[in-house]
Amino acid sequence: MTFIELCIEGNAREDEIDRFIEAWHEGRAGTQIELHDYLGMTWSEYQRWAISPAILPHVVSAHKFGTSLEYQLAQQANENVMPHA
């Protein structure tokens, strides 16, 4: 099971990603696959997360709801712009 899947199921917290990355680098888990696959991210998601780690919740949401990262980021931007009634 990937890190993203574990987050969706509530069996891992987003702030635990460094522990998963450490396990991969130390050869304790997922060594037969690329790091982004082990984490459960597409290559594009991984690249964007590496530059801006704050998007991790949006990556998780994209997987949870079967949407794209771009869609989740647009939704967030719309929520920040929309006036509250």
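Analyst: A residue counts as exposed when its relative accessible area is over 50% and as buried when that area is under 20%. The model discussed here is predicted.

User: Which exposed residues does the face of H2 turned away from its buried side carry?

Analyst: Helix H2 covers residues 17–25, and its buried residues are Ile17, Phe20, Ile21, Ala23 and Trp24. Seen down the axis of H2, these buried residues fall within an arc of 160 degrees, so they line one face of the helix. The face turned away from that buried side carries the exposed residues Asp18 and His25.

User: Which helices do the buried residues of H2 pack against?

Analyst: The residues concerned include Phe20 and Trp24, both of them buried in H2. The packing partners of the buried residues of H2 are helices H1 (3–9), H3 (35–39), H4 (43–51) and H5.

User: Is His58 buried or exposed, and what is its relative accessible area?

Analyst: His58 is found in helix H5, which spans residues 56–65. Leaving aside neighbours within four places in sequence, His58 is in contact with Leu69, Gln72, Leu73 and Gln76. Since buried means under 20%, His58 is classed as buried, with a relative accessible area of 17%.

User: With which side chain does the side chain of Asp37 make a polar contact, and at what distance?

Analyst: Asp37 lies in helix H3 and is partly exposed, with a relative accessible area of 38%. The polar contact made by the side chain of Asp37 is with the side chain of His36, at 3.3 Å.

How values were computed: Residues are numbered from 1 along each chain as its sequence is written. This is a predicted model: local features need pLDDT of at least 70, side-chain atom pairs count only at pLDDT 80 or more; totals for chains, interfaces and linings use all residues. Side-chain values use heavy atoms; hydrogens and water are left out. Helices (H or I, at least four residues) and strands (E, at least two) are DSSP runs, numbered from the N terminus. Buried means under 20% relative accessible area, exposed over 50%, partly exposed in between (1.4 Å probe, protein chains only). Contact means heavy atoms within 4.5 Å. The arc is that of the directions from the helix axis to the C-beta atoms. A polar contact is a pair of N or O atoms within 3.5 Å; within protein, one must be able to donate a hydrogen and the other to accept it, and residues adjacent in sequence count only if both atoms are side-chain atoms.
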